[in-house]
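Dear colleague,

Please find below the structure for your records.

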Amino acid sequence: MDSVRLGNTGLKVSKICLGMMSYGDPGSWNGWVLPEEQAEPIVRKAADGGVTFFDTADVYSAGASEIVTGNLLRKIFPRREDYVLATKVRFPVGKAANDGGLSRKHIMASIDASLTRLGTDYVDLYQIHRWDDETPIEETMEALHDIVKAGKARYIGASSMLAWQFAKAQHAADKHGWTKFVSMQGHYNLLYREDEREMNPLCVDQGVGLIPWSPLARGLLARAGTDQDTTRQVGDGARQQQLYGGPADATILANVADLAAKRGVAPATVALAWLLHQPGMTAPIIGATKERHVDDAIAAADLTLSPEEQSALTEPYQPRPVSF
(Lines give C-alpha, C1' and ligand atoms only; values in the text may rest on other atoms or scores of the structure.)
Protein backbone atom coordinates (compact mmCIF):
# COMPACT_ATOMS: atom_id res chain seq x y z
CA MET A 1 0.00 0.00 0.00
CA ASP A 2 1.26 3.46 -0.86
CA SER A 3 2.19 5.89 1.88
CA VAL A 4 0.89 9.46 1.86
CA ARG A 5 1.77 12.59 3.78
CA LEU A 6 -0.43 13.53 6.71
CA GLY A 7 -1.64 16.96 5.61
CA ASN A 8 1.30 19.24 4.86
CA THR A 9 3.61 17.54 7.38
CA GLY A 10 6.53 15.32 6.51
CA LEU A 11 4.92 12.39 8.34
CA LYS A 12 3.99 9.52 6.02
CA VAL A 13 1.16 7.12 6.83
CA SER A 14 -0.67 4.30 5.06
CA LYS A 15 -3.77 5.27 3.05
CA ILE A 16 -5.88 3.17 5.41
CA CYS A 17 -5.73 3.57 9.19
CA LEU A 18 -6.80 0.69 11.43
CA GLY A 19 -8.98 1.90 14.29
CA MET A 20 -8.24 -0.05 17.47
CA MET A 21 -11.52 0.68 19.28
CA SER A 22 -12.67 -2.82 18.31
CA TYR A 23 -10.03 -4.41 20.54
CA GLY A 24 -9.83 -4.36 24.32
CA ASP A 25 -12.01 -5.75 27.08
CA PRO A 26 -15.50 -6.91 26.00
CA GLY A 27 -16.50 -7.46 29.61
CA SER A 28 -15.98 -3.88 30.73
CA TRP A 29 -17.05 -1.94 27.63
CA ASN A 30 -19.00 -3.37 24.69
CA GLY A 31 -19.80 -6.97 23.83
CA TRP A 32 -18.58 -6.63 20.23
CA VAL A 33 -15.03 -5.71 21.33
CA LEU A 34 -12.43 -8.43 20.71
CA PRO A 35 -9.82 -9.47 23.30
CA GLU A 36 -6.15 -9.43 22.38
CA GLU A 37 -5.84 -13.03 21.19
CA GLN A 38 -8.75 -12.61 18.76
CA ALA A 39 -7.53 -9.21 17.60
CA GLU A 40 -4.00 -10.35 16.77
CA PRO A 41 -4.67 -12.12 13.44
CA ILE A 42 -6.68 -9.12 12.23
CA VAL A 43 -3.98 -6.61 13.12
CA ARG A 44 -1.33 -8.87 11.59
CA LYS A 45 -3.32 -9.08 8.36
CA ALA A 46 -3.54 -5.30 8.25
CA ALA A 47 0.21 -4.96 8.80
CA ASP A 48 0.94 -7.60 6.15
CA GLY A 49 -1.25 -5.60 3.74
CA GLY A 50 0.77 -2.44 4.26
CA VAL A 51 -1.19 -0.70 7.02
CA THR A 52 1.21 1.26 9.22
CA PHE A 53 -1.21 3.75 10.81
CA PHE A 54 -3.12 2.78 13.97
CA ASP A 55 -5.56 4.89 16.01
CA THR A 56 -6.89 4.34 19.52
CA ALA A 57 -8.03 6.43 22.53
CA ASP A 58 -7.65 6.28 26.28
CA VAL A 59 -11.43 5.93 26.75
CA TYR A 60 -11.78 2.82 24.56
CA SER A 61 -12.41 -0.12 26.91
CA ALA A 62 -11.34 2.20 29.74
CA GLY A 63 -7.71 1.99 28.67
CA ALA A 64 -7.66 -1.69 27.69
CA SER A 65 -7.59 -0.81 23.98
CA GLU A 66 -4.33 1.07 24.46
CA ILE A 67 -2.84 -1.93 26.29
CA VAL A 68 -3.87 -4.32 23.51
CA THR A 69 -2.68 -1.87 20.85
CA GLY A 70 0.73 -1.50 22.42
CA ASN A 71 1.16 -5.23 22.98
CA LEU A 72 0.23 -6.16 19.41
CA LEU A 73 2.22 -3.47 17.63
CA ARG A 74 5.37 -4.31 19.60
CA LYS A 75 4.87 -7.97 18.70
CA ILE A 76 4.13 -7.43 14.99
CA PHE A 77 6.56 -4.66 13.99
CA PRO A 78 10.34 -5.04 14.40
CA ARG A 79 10.87 -1.37 15.32
CA ARG A 80 8.86 1.44 16.87
CA GLU A 81 9.78 3.54 13.83
CA ASP A 82 7.92 1.13 11.52
CA TYR A 83 4.40 2.28 12.45
CA VAL A 84 2.50 5.47 13.22
CA LEU A 85 0.57 5.43 16.49
CA ALA A 86 -2.24 7.80 17.40
CA THR A 87 -4.33 8.10 20.56
CA LYS A 88 -6.77 10.62 22.02
CA VAL A 89 -7.66 12.51 25.21
CA ARG A 90 -10.88 14.16 26.38
CA PHE A 91 -13.44 11.73 27.79
CA PRO A 92 -13.14 10.48 31.38
CA VAL A 93 -11.44 7.20 32.10
CA GLY A 94 -11.89 7.56 35.87
CA LYS A 95 -14.53 9.11 38.13
CA ALA A 96 -12.62 11.98 39.78
CA ALA A 97 -13.46 15.60 38.97
CA ASN A 98 -10.34 16.07 36.83
CA ASP A 99 -10.49 12.72 35.04
CA GLY A 100 -12.05 14.26 31.92
CA GLY A 101 -11.93 17.35 29.73
CA LEU A 102 -9.04 19.24 28.18
CA SER A 103 -7.56 21.03 31.18
CA ARG A 104 -3.80 21.14 31.55
CA LYS A 105 -4.05 18.88 34.57
CA HIS A 106 -6.01 16.19 32.73
CA ILE A 107 -3.96 16.35 29.53
CA MET A 108 -0.65 16.05 31.35
CA ALA A 109 -1.87 13.11 33.43
CA SER A 110 -3.50 11.43 30.44
CA ILE A 111 -0.49 11.45 28.13
CA ASP A 112 1.63 9.74 30.77
CA ALA A 113 -1.09 7.18 31.47
CA SER A 114 -1.52 6.49 27.75
CA LEU A 115 2.20 6.05 27.18
CA THR A 116 2.36 3.60 30.07
CA ARG A 117 -0.52 1.54 28.71
CA LEU A 118 0.86 1.66 25.17
CA GLY A 119 4.34 0.72 26.36
CA THR A 120 6.10 3.42 24.39
CA ASP A 121 7.98 6.67 25.01
CA TYR A 122 5.92 8.70 22.54
CA VAL A 123 2.90 8.71 20.27
CA ASP A 124 3.14 10.02 16.75
CA LEU A 125 -0.23 11.80 16.89
CA TYR A 126 -1.97 12.99 20.07
CA GLN A 127 -5.53 14.14 19.43
CA ILE A 128 -8.20 15.95 21.39
CA HIS A 129 -11.30 13.76 21.42
CA ARG A 130 -13.89 16.54 20.79
CA TRP A 131 -14.10 20.15 22.00
CA ASP A 132 -14.25 21.14 25.69
CA ASP A 133 -16.50 24.12 26.40
CA GLU A 134 -15.28 24.36 30.01
CA THR A 135 -11.58 24.87 29.30
CA PRO A 136 -10.06 27.95 27.59
CA ILE A 137 -8.60 26.82 24.30
CA GLU A 138 -5.33 28.61 25.15
CA GLU A 139 -4.90 26.33 28.16
CA THR A 140 -5.44 23.26 26.03
CA MET A 141 -3.18 24.31 23.17
CA GLU A 142 -0.30 25.31 25.46
CA ALA A 143 -0.50 21.96 27.26
CA LEU A 144 -0.43 20.09 23.96
CA HIS A 145 2.51 22.22 22.81
CA ASP A 146 4.42 21.36 25.98
CA ILE A 147 3.77 17.64 25.37
CA VAL A 148 5.26 17.93 21.89
CA LYS A 149 8.26 19.85 23.19
CA ALA A 150 8.76 17.22 25.88
CA GLY A 151 8.99 14.57 23.14
CA LYS A 152 5.90 12.67 24.27
CA ALA A 153 4.05 13.36 21.01
CA ARG A 154 5.39 14.17 17.56
CA TYR A 155 2.24 15.90 16.23
CA ILE A 156 -1.19 16.88 17.53
CA GLY A 157 -4.62 16.52 15.95
CA ALA A 158 -8.27 17.24 16.62
CA SER A 159 -11.56 15.42 16.15
CA SER A 160 -15.16 16.35 15.39
CA MET A 161 -16.07 19.94 16.22
CA LEU A 162 -17.43 23.00 14.49
CA ALA A 163 -15.22 24.75 11.95
CA TRP A 164 -15.12 27.99 13.96
CA GLN A 165 -13.88 26.05 16.99
CA PHE A 166 -11.08 24.46 14.99
CA ALA A 167 -10.13 27.82 13.51
CA LYS A 168 -10.10 29.36 17.01
CA ALA A 169 -7.75 26.64 18.26
CA GLN A 170 -5.38 27.07 15.32
CA HIS A 171 -5.40 30.83 15.77
CA ALA A 172 -4.52 30.53 19.45
CA ALA A 173 -1.59 28.29 18.62
CA ASP A 174 -0.41 30.54 15.80
CA LYS A 175 -0.68 33.67 17.95
CA HIS A 176 1.49 32.25 20.73
CA GLY A 177 3.91 30.24 18.62
CA TRP A 178 2.56 26.91 19.86
CA THR A 179 2.19 23.64 17.97
CA LYS A 180 -0.82 23.57 15.62
CA PHE A 181 -3.11 20.69 14.76
CA VAL A 182 -2.03 18.75 11.67
CA SER A 183 -5.08 16.49 11.31
CA MET A 184 -8.85 16.43 11.69
CA GLN A 185 -10.62 13.20 12.61
CA GLY A 186 -14.14 14.11 11.54
CA HIS A 187 -17.36 12.22 10.96
CA TYR A 188 -17.48 11.69 7.20
CA ASN A 189 -18.90 9.02 4.90
CA LEU A 190 -21.41 8.64 2.04
CA LEU A 191 -24.35 8.79 4.48
CA TYR A 192 -23.04 11.80 6.42
CA ARG A 193 -21.31 14.56 4.48
CA GLU A 194 -21.98 17.69 6.52
CA ASP A 195 -18.25 18.34 7.01
CA GLU A 196 -18.20 19.26 3.32
CA ARG A 197 -19.94 22.52 4.31
CA GLU A 198 -17.06 24.14 6.21
CA MET A 199 -14.68 21.79 8.02
CA ASN A 200 -13.26 19.90 5.04
CA PRO A 201 -12.69 23.02 2.89
CA LEU A 202 -11.02 24.71 5.88
CA CYS A 203 -8.67 21.76 6.34
CA VAL A 204 -7.86 21.55 2.63
CA ASP A 205 -7.06 25.28 2.57
CA GLN A 206 -4.83 25.03 5.63
CA GLY A 207 -3.09 21.78 4.71
CA VAL A 208 -4.66 19.77 7.54
CA GLY A 209 -5.01 16.05 6.80
CA LEU A 210 -8.43 14.38 6.98
CA ILE A 211 -8.60 11.03 8.79
CA PRO A 212 -12.37 10.44 9.19
CA TRP A 213 -13.95 8.12 11.72
CA SER A 214 -16.86 5.82 10.86
CA PRO A 215 -16.06 5.85 7.11
CA LEU A 216 -18.51 2.95 6.69
CA ALA A 217 -21.30 4.57 8.73
CA ARG A 218 -21.10 2.07 11.58
CA GLY A 219 -21.10 -0.77 9.07
CA LEU A 220 -24.20 0.31 7.17
CA LEU A 221 -22.20 0.92 3.99
CA ALA A 222 -20.37 -2.38 4.36
CA ARG A 223 -23.72 -4.18 4.54
CA ALA A 224 -25.25 -2.32 1.61
CA GLY A 225 -27.58 -4.59 -0.32
CA THR A 226 -28.22 -6.91 2.64
CA ASP A 227 -30.49 -6.94 5.69
CA GLN A 228 -27.89 -8.60 7.87
CA ASP A 229 -27.52 -7.32 11.44
CA THR A 230 -24.29 -7.44 13.41
CA THR A 231 -23.54 -7.75 17.11
CA ARG A 232 -22.46 -4.13 17.18
CA GLN A 233 -25.56 -2.94 15.35
CA VAL A 234 -27.83 -4.67 17.88
CA GLY A 235 -25.96 -3.22 20.87
CA ASP A 236 -25.37 0.17 19.24
CA GLY A 237 -28.74 0.72 17.62
CA ALA A 238 -29.75 3.93 19.38
CA ARG A 239 -26.53 5.68 18.42
CA GLN A 240 -26.83 4.44 14.84
CA GLN A 241 -30.37 5.80 14.57
CA GLN A 242 -29.16 9.13 15.93
CA LEU A 243 -26.45 9.47 13.26
CA TYR A 244 -28.14 7.90 10.24
CA GLY A 245 -31.53 6.99 8.80
CA GLY A 246 -31.91 10.01 6.49
CA PRO A 247 -34.44 10.03 3.63
CA ALA A 248 -31.78 9.36 1.00
CA ASP A 249 -29.89 6.63 2.85
CA ALA A 250 -31.73 3.72 1.20
CA THR A 251 -31.00 5.05 -2.28
CA ILE A 252 -27.33 5.64 -1.50
CA LEU A 253 -26.96 2.16 -0.04
CA ALA A 254 -28.61 0.65 -3.11
CA ASN A 255 -26.25 2.57 -5.39
CA VAL A 256 -23.25 1.39 -3.39
CA ALA A 257 -24.42 -2.22 -3.64
CA ASP A 258 -25.08 -1.87 -7.37
CA LEU A 259 -21.67 -0.37 -8.11
CA ALA A 260 -19.94 -2.97 -5.95
CA ALA A 261 -21.64 -5.75 -7.90
CA LYS A 262 -20.64 -4.20 -11.22
CA ARG A 263 -17.01 -3.77 -10.16
CA GLY A 264 -16.81 -7.18 -8.47
CA VAL A 265 -15.78 -5.80 -5.08
CA ALA A 266 -17.34 -5.51 -1.64
CA PRO A 267 -19.62 -2.54 -0.84
CA ALA A 268 -17.12 -1.47 1.83
CA THR A 269 -14.42 -1.23 -0.82
CA VAL A 270 -16.57 1.10 -2.94
CA ALA A 271 -17.47 3.33 0.04
CA LEU A 272 -13.85 3.64 1.16
CA ALA A 273 -12.60 4.22 -2.38
CA TRP A 274 -15.05 7.11 -2.72
CA LEU A 275 -13.60 8.67 0.44
CA LEU A 276 -10.06 8.30 -0.86
CA HIS A 277 -11.05 10.35 -3.93
CA GLN A 278 -12.15 13.33 -1.79
CA PRO A 279 -10.04 16.51 -1.44
CA GLY A 280 -7.69 16.57 1.54
CA MET A 281 -8.23 12.90 2.36
CA THR A 282 -5.33 11.15 4.04
CA ALA A 283 -6.59 7.92 5.56
CA PRO A 284 -10.06 6.75 6.61
CA ILE A 285 -10.04 5.01 9.99
CA ILE A 286 -11.65 1.60 9.58
CA GLY A 287 -12.81 -0.80 12.25
CA ALA A 288 -12.30 -4.52 11.65
CA THR A 289 -13.58 -7.47 13.65
CA LYS A 290 -13.02 -10.00 10.85
CA GLU A 291 -10.05 -10.51 8.54
CA ARG A 292 -12.21 -9.92 5.45
CA HIS A 293 -12.92 -6.41 6.72
CA VAL A 294 -9.20 -5.71 6.33
CA ASP A 295 -9.14 -7.21 2.83
CA ASP A 296 -12.06 -5.01 1.75
CA ALA A 297 -10.36 -1.88 3.11
CA ILE A 298 -6.97 -2.58 1.57
CA ALA A 299 -8.63 -3.19 -1.82
CA ALA A 300 -10.08 0.34 -1.68
CA ALA A 301 -6.61 1.88 -1.87
CA ASP A 302 -6.25 0.59 -5.44
CA LEU A 303 -9.80 1.11 -6.70
CA THR A 304 -10.29 4.08 -9.03
CA LEU A 305 -13.84 5.37 -9.45
CA SER A 306 -14.83 7.34 -12.53
CA PRO A 307 -16.48 10.77 -12.15
CA GLU A 308 -19.74 9.17 -13.28
CA GLU A 309 -19.49 6.47 -10.62
CA GLN A 310 -18.75 9.03 -7.94
CA SER A 311 -21.74 11.12 -9.01
CA ALA A 312 -24.04 8.11 -8.79
CA LEU A 313 -22.96 7.69 -5.16
CA THR A 314 -23.27 11.33 -4.15
CA GLU A 315 -26.24 12.77 -6.05
CA PRO A 316 -29.02 11.29 -3.86
CA TYR A 317 -27.61 12.80 -0.66
CA GLN A 318 -29.78 15.25 1.28
CA PRO A 319 -28.31 17.61 3.89
CA ARG A 320 -28.99 16.70 7.51
CA PRO A 321 -28.33 18.20 10.96
CA VAL A 322 -24.71 18.31 12.05
CA SER A 323 -23.91 15.53 14.51
CA PHE A 324 -20.73 14.23 16.08
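Predicted model: local features only at pLDDT ≥ 70, side-chain atom pairs only at ≥ 80, totals over all residues.

How many disulfides does a search of the whole structure find? The search finds 0 disulfides, a disulfide being a pair of cysteine sulfur atoms within 2.5 Å. Cys 17 is in no disulfide, and the nearest cysteine sulfur, that of Cys 203, is 16 Å away. Cys 203 is likewise in no disulfide. Cys 17 has 0% relative accessibility and therefore counts as buried (buried means under 20% relative accessible area, with a 1.4 Å probe and protein chains only). Cys 203 is also buried, with a relative accessible area of 0%.

Residues are numbered from 1 along each chain as its sequence is written, and side-chain values use heavy atoms, with hydrogens and water left out.

Helix 6

Helices (H or I, at least four residues) and strands (E, at least two) are DSSP runs, numbered from the N terminus. Helix 6 covers residues 199–206, and Met 199, Asn 200 and Cys 203 are buried in it. Seen down the axis of helix 6, these buried residues fall within an arc of 95°, so they line one face of the helix; the arc is that of the directions from the helix axis to the C-beta atoms. An α-helix has 3.6 residues a turn, so residues three or four places apart point the same way. The cover over the buried residues of helix 6 includes helix 5 (163–176), strand 8 (181–185) and strand 9 (209–210), where contact means heavy atoms within 4.5 Å. Just after helix 6, Gly 207 has a positive phi of about 75°.

Two serines with positive phi

Ser 61, a residue other than glycine, has a positive phi near 50°. Ser 61 lies in the loop between strand 4 (53–55) and helix 2 (64–76) and is buried, with a relative accessible area of 2%. Ser 214 is not a glycine either, yet its phi is positive, at about 50°. Ser 214 sits in the loop between strand 9 and helix 7 (231–235), and its relative accessible area of 14% makes it buried.

Conventions:
Buried < 20%, exposed > 50% of the residue type's maximum accessible area, 1.4 Å probe, protein only.
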